[in-house]
Structure formats: C-alpha cells, structure tokens
Amino acid sequence: MRTRRHIVVIAAGIFMLALACLADITWGGDAGRDVMLHLRLPRMTTALLAGAAMALSGSQMQSIFRNPLADPHIMGISSGAALGAALTTMCAGVTLGGASIALSAAIGAAGAAAIILYASDRFRNASILLIFGVMLGFIITAIVSILQFSSDAESLKTFYSWSAGSFSNTTWGETAIIAGTLAAGLAIATFNHKGLDLILFGDEFTELSGAVPSRIRLSALLSCSLMTGAVTAFCGQLGFVGIIGPHIAKALLGTSAHKAVLPASLLTGGLIGVCADLLSRVTPSPMPVASTMALLGIPVILYIMLKRPEL
Amino acid sequence: MSRIMIHIDGMNIGHGKKILYEKISFDIHAGDCIMLCGANGSGKTTLMKAIAGMQGNDCRVSMIPSRLPKVKGFTVKEFVKVSCFRQTDMSGKLTEQDEYNLEKALERLGIVHLKDRDISTLSDGEFQKACIAASLVQKAGVILLDEPTAFLDAENKTAVLQALSNLCKGEDSPAVIFSTHDLHEGMKACNRVIALGADGVFRLAGRDDIDKAVQSIFRQ
C-alpha cells in the first residue's frame with residue numbers, strides 16, 4: 001500500500017519538477033544558445049541543487065534536534081557560513097576561486113553548528129534551542145554587517161548578493177561544487193538514516209538500542225555544514241526551504257522514516273528552489289530569491305505551527 | 001528451577017560517587033515478573049540502567065525507557081525495526097527469520113492487527129505492547145520497563161500489566177522487571193518484588209512476603 005503511494009507521489013514530484021525546470025529556463029522568451037547555456041541553465045541547475053541541499057540539511061536537523069522547525073538558516077548555521085565566506089573574501093579579495101570560498105563557508109557553518117550542538121546539551125527545551133539559534137544567527141549577521149562597512153566596493157557587491165540570496169551569476173564550476181557537496185552530504189545522510197530515525201525517539205532510547213547519539217548528531221551536522229557552506233557561498237542565505245521541504249515530503253509520503261524522507265526531500269527542496277527562482281523572475285522587476293523563498297515558505301511554516309500547538 | 005538469565009553479584013547502585021545500595025546480589029530467572037517499587041529518587045531507574053548495561057547468560061537485556069514519544073510517521077512494524085538498530089542491515093531491513101519473529105511477537109502481544117497502524121494513533125497501552133514486541137524481536141531474555149503504567153488510564157494499566165504477566169508465563173519466556181507506582185495493580189501481576197525502602201534498604205521478596213517488602217517503601 002504505502003510503497004504504491006510512494007511511487008505515485010515520487011512520480012508526480014518528478015513530473016512537476018520537470019515542468020518547473022522547463023518553465024524556469026524558457027521564461028523570458030527565446031534566447032540564444034549562449035544565454036541558455038551560460039545564464040539560464042546554470043541558474044536553473046543552481047536553484048534545483050541549492051533547494052535540494054537545504055531541504056536535505058533541514059530534514060537531518062529536524063531529526064537530530066527533534067524540532068520540526070529546525071533548519072540551517074533559522075539555527076544560524078547559514079550565518080556562520082556567510083561569515084566564513086565573508087572573512088575569506090575580505091582577507092584574500094574576490095579573486096579567490098569558488099572552491100576555497102565554499103570551503104571557508106563550510107568551516108564557518110561547522111563553527112556555528114558546533115555552538116548549536118554545545119547549546120543543545122544545555123537547553124533541553126526545543127523551543128529555547130530554536131530561539132538560541134535565531135539569536136546566534138543575528139549575532140553572526142551583525143558581525144558580517146560590520147565587516148561590510150569596512151570593505152571595498154567590489155566585495156560589497158558580493159556581500160549584498162549573499163544577504164539577498166541569488167541563483168544568478170553562478171558559473172558551471174560553482175554549480176559543480178554545490179553538486180559535489182550535495183553528493184557528499186547525501187552519502188553521509190544515507191549512511192546515517194537508521195540513526196536519524198532512532199534519535200527521534202530520544203537519546204536514552206537511542207543508547208539503549210545500541211547507537212551513539214553524539215555520533216548521529218556529528219554526522220548529520222557534518223553533512224549539513226558541507227552543503228550549507230557551498231550553497232551559502234554561491235547563493236547566499238536561503239531560508240525556509242530547509243524547513244518546508246522535509247515537511248511536504250513527510251506529509252505526502254505519510255511517513256517519517258528517513259529512508260523515504262531523505263530522497264523525497266531532495267525532490268521537494270529542488271522543486272521549491274526552482275519555483276522560487278521562477279517566481280523571482282516573473283515579477284516585473286526581479287526579486288531577490290530570499291524574498292520569494294519567504295513568500296513561498298512562511299505560509300507553510302505558519303500552518304505547521306498552527307497544527308503543532310505544543311511548539 | 002528455571003534458567004538463570006542474569007546473575008547479579010555484589011553490584012553497587014548509585015550515580016557518580018554517591019552509592020545508594022551497596023553489594024546487591026540476586027538472580028533473575030526466566031519467567032520472573034518482578035515489580036520494582038520505591039519512592040521517586042530512590043534509584044529505580046538507576047538500578048534498571050545498571051542491569052540494562054549488563055550481559056545476560058546467553059541472552060540480551062533490553063530496556064524500555066519511560067515516556068517514549070509516539071513519533072508520527074512510523075508504523076508499528078517500522079518502529080520495531082527502528083528499535084532493532086543492531087539487527088537490521090544497512091538499509092534498515094530485518095532478516096527473514098527476524099521478520100517471522102516480529103510477526104510472532106506481535107501475535108503474542110495481541111497487536112498483530114495494528115502492525116501497519118501509525119504509532120501516533122495508538123493508545124499508550126498499545127504502544128507499550130509494541131515496545132515489548134520490539135524487545136522480543138531483539139531476543140531479549142530480560143526486559144526492563146521503566147514505569148510502563150505511568151499516565152495510563154485504568155483500562156490500559158490493567159492491559160499492560162496483564163500482557164507482562166502473560167509474557168512471563170508462556171514457554172521460552174523472558175524475565176521482566178517493571179518499575180511502577182501502581183502498587184496494587186503491579187502486585188497482582190508480579191511474582192517477585194524489589195522494594196527500594198524508605199530506610200535505604202534494598203529488599204527482594206518472593207511470593208510470600210511481597211506485602212511486607214512493599215510496605216517498606218513508605219516512611220513509617
């Protein structure tokens with residue numbers, strides 16, 4: 001029964017994703033081969049991969065913190081990534097290659113993740129941890145703003161594109177880096193899927209069942225930091241898709257088992273990414289992707305909050 | 001005499017440097033249904049965790065913590081597989097033999113009709129039974145349950161305790177230790193009692209002096 005439902009849902013998802021991708025690259029009328037190959041296609045691919053990576057990160061974080069509203073953006077990990085990327089850009093200039101920016105962003109993300117991990121030990125209450133994450137994000141963003149003030153005009157442009165979020169201006173090389181980290185993040189998450197299921201039932205039960213909670217959390221956060229780092233370095237801080245992607249996947253599949261949720265989150269996250277990109281382009285004047293993500297995501301999040309009054 | 005599942009010899013129970021009960025020794029036999037009682041903070045959970053960390057005689061020891069959340073999105077069968085973390089393969093599947101054992105365990109606890117139900121829709125009593133089934137699939141010879149009757153209504157309390165008592169009667173039965181504050185109902189289900197007394201004394205009683213042991217947990 002459930003298997004058949006999964007097949008139908010996933011087939012429908014792939015079909016919708018294909019439609020959205022097609023719409024995204026054809027919107028704006030005919031374009032020459034160059035525009036297609038160097039602007040529209042990489043942009044669409046980036047939107048797809050970035051959305052998928054954020055949703056995959058979100059589904060892991062929701063499990064390890066047992067909080068349906070957790071994702072890298074709201075818990076300050078994206079801010080950490082932005083700080084890492086900003087510091088490198090400041091120190092080494094914008095000439096630096098994409099890979100090193102992504103790496104420093106991943107290190108920044110891991111730093112923020114480490115703080116969250118430490119805090120999660122102190123704040124047993126899921127809501128308080130969430131507030132702590134939001135605060136952490138604010139503080140790190142403030143530091144990034146201070147860096148902005150003391151930077152030259154060229155870096156300032158890069159900084160702005162981070163805070164606003166954008167899928168444009170990515171090269172195939174950068175898209176490949178996002179794809180690479182997504183593959184690595186997915187591999188770690190897949191390896192960890194049994195642990196991600198188990199830890200939902202609490203640390204005590206996890207230990208009693210023969211698994212190590214800290215190892216499950218570390219693997220998940222490593223996967224999240226890698227992916228969030230690359231996405232933030234090239235697209236800026238993407239919010240909300242990490243929260244709603246996994247929720248839509250779970251609601252459609254009717255299961256929380258990560259064997260199904262992880263791949264389905266890739267699909268929903270990718271779909272949301274492409275839709276947000278499309279939405280940012282259909283408006284008369286182009287909108288920043290962070291705003292369209294918020295437009296798509298926040299109603300869903302409010303719905304989740306209303307349905308889960310214990311939060 | 002039935003098979004000894006665990007032999008406890010001179011164990012100290014406590015947390016950190018504070019020792020609550022010194023040099024406890026006793027045996028747990030197959031088919032034992034032991035009620036563990038004592039005031040809050042008397043060390044019931046600590047004692048259970050200590051036993052959970054032990055190696056049984058050719059058998060596993062499994063513990064079901066209190067107030068396990070009924071996470072939405074797992075069927076009873078999926079939940080059992082999740083809790084059999086060490087037994088499932090990389091993709092989370094059980095062997096055919098274990099699948100068979102799972103079916104048998106659900107039958108034994110009378111919840112086979114619930115196997116494809118989402119655990120969030122179960123009553124607390126039914127969920128406790130699913131947890132016990134999971135322990136059976138893990139081939140646990142000793143099953144420890146931390147307050148399985150807490151927050152249950154009267155009907156579910158009786159159902160869970162009855163299930164525990166039945167579990168210990170059958171052939172090839174495990175030993176069960178459950179902690180509870182429902183002394184009256186618990187006493188009917190058990191055949192032995194461990195009482196962590198208000199006087200700080202560890203007491204283990206058989207059928208005949210259960211009453212006296214239970215009395216010791218109250219301050220006189």
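**Figure 1. Burial of Ser256(A) in the predicted model.** Ser256(A) has a relative accessible area of 9% and is therefore buried, since the term applies to values under 20%. The model shown here and in the other views is predicted. In chain A, Ser256(A) is placed in a loop, with α11 (241-253) on one side and α12 (258-282) on the other.

**Figure 2. Surroundings of Ser256(A).** When neighbours within four places in sequence are left aside, Ser256(A) is in contact with residues of chain A and of chain B. From chain A these are Asp197(A), Lys250(A) and Val261(A); from chain B they are Lys72(B), Gly73(B) and Phe74(B). With Lys72(B), a polar atom of the Ser256(A) side chain lies 2.5 Å from the backbone oxygen of the chain B residue.

**Figure 3. Fold and dimensions of chain B.** Seven helices and eight strands are found in chain B. Its C-alpha trace spans about 50 × 35 × 35 Å along the principal axes. The radius of gyration is 17 Å, which agrees with the value near 17 Å that a compact globule of 220 residues would have. Of the contacts in chain B between residues at least 6 apart in sequence, 68% join residues at least 24 apart.

**Figure 4. Interior, surface and charge of chain B.** Buried residues account for 53% of the 220 residues in chain B. The chain exposes about 10500 Å², of which 48% is supplied by carbon and sulfur atoms. Chain B carries 28 positive and 28 negative side chains, and the centres of these two sets are 4 Å apart.

Note on methods
Residues are numbered from 1 along each chain as its sequence is written. Chains are lettered from A and ligands numbered from 1 in the order in which they are written. This is a predicted model: local features need pLDDT of at least 70, side-chain atom pairs count only at pLDDT 80 or more; totals for chains, interfaces and linings use all residues. Side-chain values use heavy atoms; hydrogens and water are left out. Helices (H or I, at least four residues) and strands (E, at least two) are DSSP runs, numbered from the N terminus. The radius of gyration is taken over C-alpha atoms; the globule rule is 2.2 Å times the number of residues to the power 0.38. Buried means under 20% relative accessible area, exposed over 50%, partly exposed in between (1.4 Å probe, protein chains only). Contact means heavy atoms within 4.5 Å. Accessible areas come from the Shrake-Rupley method with a 1.4 Å probe; for residues, only the protein chains shown count as cover. Lys and Arg count as positive and Asp and Glu as negative; His and the chain ends are not counted. The place of a charge is taken as NZ of Lys, CZ of Arg, CG of Asp or CD of Glu. A polar contact is a pair of N or O atoms within 3.5 Å; within protein, one must be able to donate a hydrogen and the other to accept it, and residues adjacent in sequence count only if both atoms are side-chain atoms.
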